[in-house]
Amino acid sequence: MKSPFLVQMNDLLNSCTRRTEEFAGGLSEAQLNWRPGEGRWSVAECLDHLLVTNALYLGCMERAIHRAHAKGKSAEESTHSRNTIFGGFIIRTLKGGRAKAVPAPRMFSPASDITPGIVDRFVKSQVRLTEAMHDAEGLHLDRVKFGTPVSALLRANLGEAFELLVLHEARHLDQAEEVIATDGFPAS
């Protein structure tokens, strides 16, 4: 990757992957599925939520990348400087650490029964996001827009989508680490 923005996003993504392997890689199934309280997510649910969210967004983003390349929407450098109103609000909230616990829309909810291998599946899924970043190289990220999984009417651009997904991961990895630090977390 040549684009400083995409390199930065990819570095942050790789940091999230390493972080997940470090704090969750050695956890037992019981530890991964332990909930700190009623209505609170387990480590496995945090990771499954990220898997679901990334997969839904990436489906939309990959189609937009393909269409943009087919239409020749290239740029000298893949930069990102403008957010949509909705995307900008979410990014500012995630960057500012002001993200409050908001119920995830049903489509982004984690599975109620998390199967073994959630950490490996999450780590492997990070490759798809990295590949999308590589595929977006050479596109004007602010001009390639797509309808989000929430609604085709709610549009995002590629640059903000990459940033949003990486920041969203960091937030939920913080949440997963908080679960591990909670009194009562089972010993291995």
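This is a predicted model: local features need pLDDT of at least 70, side-chain atom pairs count only at pLDDT 80 or more; totals for chains, interfaces and linings use all residues.
Residues are numbered from 1 along each chain as its sequence is written, and side-chain values use heavy atoms, with hydrogens and water left out.

**View 1. Helix α1 (residues 4-24) packs with helix α6 (residues 158-181).** Helices (H or I, at least four residues) and strands (E, at least two) are DSSP runs, numbered from the N terminus. The two axes are 10 Å apart, at an angle of about 20°; axes are lines fitted to C-alpha atoms, for helices over the stretch in contact, and angles run from 0 to 180 degrees between N-to-C directions. α1 and α6 are therefore roughly parallel (angles under 35 degrees count as roughly parallel, over 145 as roughly antiparallel). Look here for residues in contact, meaning heavy atoms within 4.5 Å: Phe 5, Leu 12 and Phe 23 are among those of α1, and Phe 162, Val 166 and Ile 180 are among those of α6. This contact comprises 13 nonpolar, two polar and five charged residues (Ala, Val, Leu, Ile, Met, Phe, Trp, Tyr, Cys and Pro count as nonpolar, Asp, Glu, Lys and Arg as charged, and the others, Gly among them, as polar).

**View 2. α1 also meets helix α5 (residues 118-136).** Here the axes come within 10 Å and cross at roughly 175°, which makes α1 roughly antiparallel to α5. From α1, the contributors include Asn 10, Asn 14 and Glu 21, while α5 brings residues including Phe 122, Gln 126 and Met 133. The contact of α1 with α5 divides into 11 nonpolar, six polar and one charged.

**View 3. Trp 34 and Phe 185 form an edge-to-face aromatic pair.** Their rings lie 5.6 Å centre to centre, with 90° between the planes (rings of Phe, Tyr and Trp, its six-membered ring, pair if their centres lie within 6.5 Å; planes over 60 degrees apart count as edge-to-face). Trp 34 sits in the loop between α2 (29-33) and α3 (43-70), and Phe 185 in the segment after α6, 151 residues apart. Both Trp 34 and Phe 185 are buried, meaning under 20% relative accessible area (1.4 Å probe, protein chains only).

**View 4. His 140 lies in the loop between α5 and β1 (145-147).** His 140 counts as buried because its relative accessibility is 17%. Setting aside neighbours within four places in sequence, His 140 is in contact with Lys 73, Ser 74, Ala 75 and Arg 82.

Key
Angles under 35 degrees count as roughly parallel, over 145 as roughly antiparallel, 65 to 115 as roughly perpendicular and the rest as oblique. Rings of Phe, Tyr and Trp (its six-membered ring) pair if their centres lie within 6.5 Å; planes under 30 degrees apart count as stacked, over 60 as edge-to-face and the rest as tilted. Buried means under 20% relative accessible area, exposed over 50%, partly exposed in between (1.4 Å probe, protein chains only).
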